[in-house]
Amino acid sequence: MAYKPKKKMMTKKHLILFKYGGNAMTNQLLKKQVVKSMCDLKEKGYQVVIVHGGGPFIKQTLEEVNIESEFIDGQRKTTPKAMEYVEMALKGKVNGSLISIINAMGHKAVGLSGKDGQTVTAKKRLHKHTKNEKTEMVDLGQVGDAESVDTSLIKLLLKNDFIPVITCIASDKKGNDYNINGDLFAGHIAGALSAEQYIILTDVDGLMLDKDNPASIINELKVAKINYLKEINCIQGGMIPKIDSCEIALKKGAKLARIINGTVPEQIVSLFENKEVGTAISV
């Protein structure tokens, strides 16, 4: 009988998904340091996916073309005309810039939105707005939620050694385009990819029990405790969608979620040196 050599077992690479945005994007030097820290993990054997928003760039672009923004409970109402420029800012300016930086570092990056390959299918979002103790549903225009995620294009890119860089725009089943909150968008993708770690880069060191006291950082948090922390106003403002996105990611398949300070690139490196960094959230 002919000898058949044993097949070598392929070592599965752990996937890390970063949600990148905010102040860590507006400073060009800092942006390069952050991107390098993320890409260095690829050289250590991890698969890296980057999801980004770009609120400051949307604001700047809309101001340049004299389109005024109406905000309802902190959410930008998006008209069809504004949507054109939102996509221009996110896909053209922000995504294109990140791709250039990553490629210049010797890696191969591919820029996507949720529309590409029908990676994310959106649905229109209706917002519950409460005023004078009366709650009503408010139409935010072309603001959406992620309804479903198809990971096949992302996995194809990862298999072929590319770094997917994805921005938070998607279409519904009828082809209507929607702007989706970047944190929630990233959480859905992290869950669908069963990410080993889903890491949100923000401009604070993590979730604080007292937001004005850095020493009150919560290093470890269970999903079951999130509602209680919301009730006591520990989780408020911009931290709400971040924590919600971690909960989405974990419930849909991610192994661990973590919130760290994206303005301190060293924290990204420290993540994989068995150091206590940021707020780690688990089921």
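Q: To how many salt bridges does the count come?
A: The model is a predicted one, in which local features need pLDDT of at least 70 and side-chain atom pairs count only at pLDDT 80 or more, while totals for chains, interfaces and linings use all residues. Residues are numbered from 1 along each chain as its sequence is written, and side-chain values use heavy atoms, with hydrogens and water left out. A salt bridge is taken here as a side-chain nitrogen of Lys or Arg within 4 Å of a carboxyl oxygen of Asp or Glu. By this rule the salt bridges come to 14.

Q: In which helix do Glu63 and Lys59 both lie?
A: Glu63 and Lys59 form a salt bridge whose closest N and O atoms are 3.0 Å apart. Helices (H or I, at least four residues) and strands (E, at least two) are DSSP runs, numbered from the N terminus. The two residues are four residues apart, about one turn of the helix, and both belong to helix H3 (residues 55-64).

Q: How many residues apart in sequence are the parts that Asp139 and Lys124 tie together?
A: Asp139 forms a salt bridge with Lys124, with 2.9 Å between the closest N and O atoms. Asp139 lies in strand E7 (residues 134-149) and Lys124 in strand E6 (residues 120-131), so the parts that this pair ties together are apart in sequence by 15 residues.

Q: Is Lys230 buried, partly exposed or exposed?
A: Lys230 forms a salt bridge with Asp244, the closest N and O atoms lying 2.6 Å apart. Because Asp244 is in helix H8 (residues 239-252) and Lys230 in helix H7 (residues 226-231), the pair ties together parts that are 14 residues apart in sequence. Buried means under 20% relative accessible area and exposed over 50%, with partly exposed in between (1.4 Å probe, protein chains only). With a relative accessibility of 26%, Lys230 counts as partly exposed.

Q: How many residues are in the second, separate core?
A: In the largest core, Ile189 is one of the residues with the most contacts. Leaving aside neighbours within four places in sequence, Ile189 is in contact (heavy atoms within 4.5 Å) with residues including Leu17, Val51 and Val120. The second, separate core includes Met25, Val35, Cys39 and Ile199, and its residues number 28.

Q: Which residue's side chain does a polar contact of 3.5 Å join to that of His107?
A: His107 has its place in the loop between H4 and strand E5 (109-113), and it is buried, with a relative accessible area of 11%. A polar contact is a pair of N or O atoms within 3.5 Å, where within protein one must be able to donate a hydrogen and the other to accept it, and residues adjacent in sequence count only if both atoms are side-chain atoms. At 3.5 Å, such a contact joins the side chain of His107 to that of Glu43.

Q: What distance separates the C-alpha atoms of Lys155 and Leu193?
A: Lys155 has its place in helix H5 (residues 152-159) and, at 46% relative accessibility, counts as partly exposed. Lys155 and Leu193 are 38 residues apart along the chain, and the separation of their C-alpha atoms is 8.4 Å.

How values were computed
A nonpolar core is a set of buried Ala, Val, Leu, Ile, Met, Phe, Trp, Tyr and Cys residues joined through side-chain atoms within 4.5 Å.
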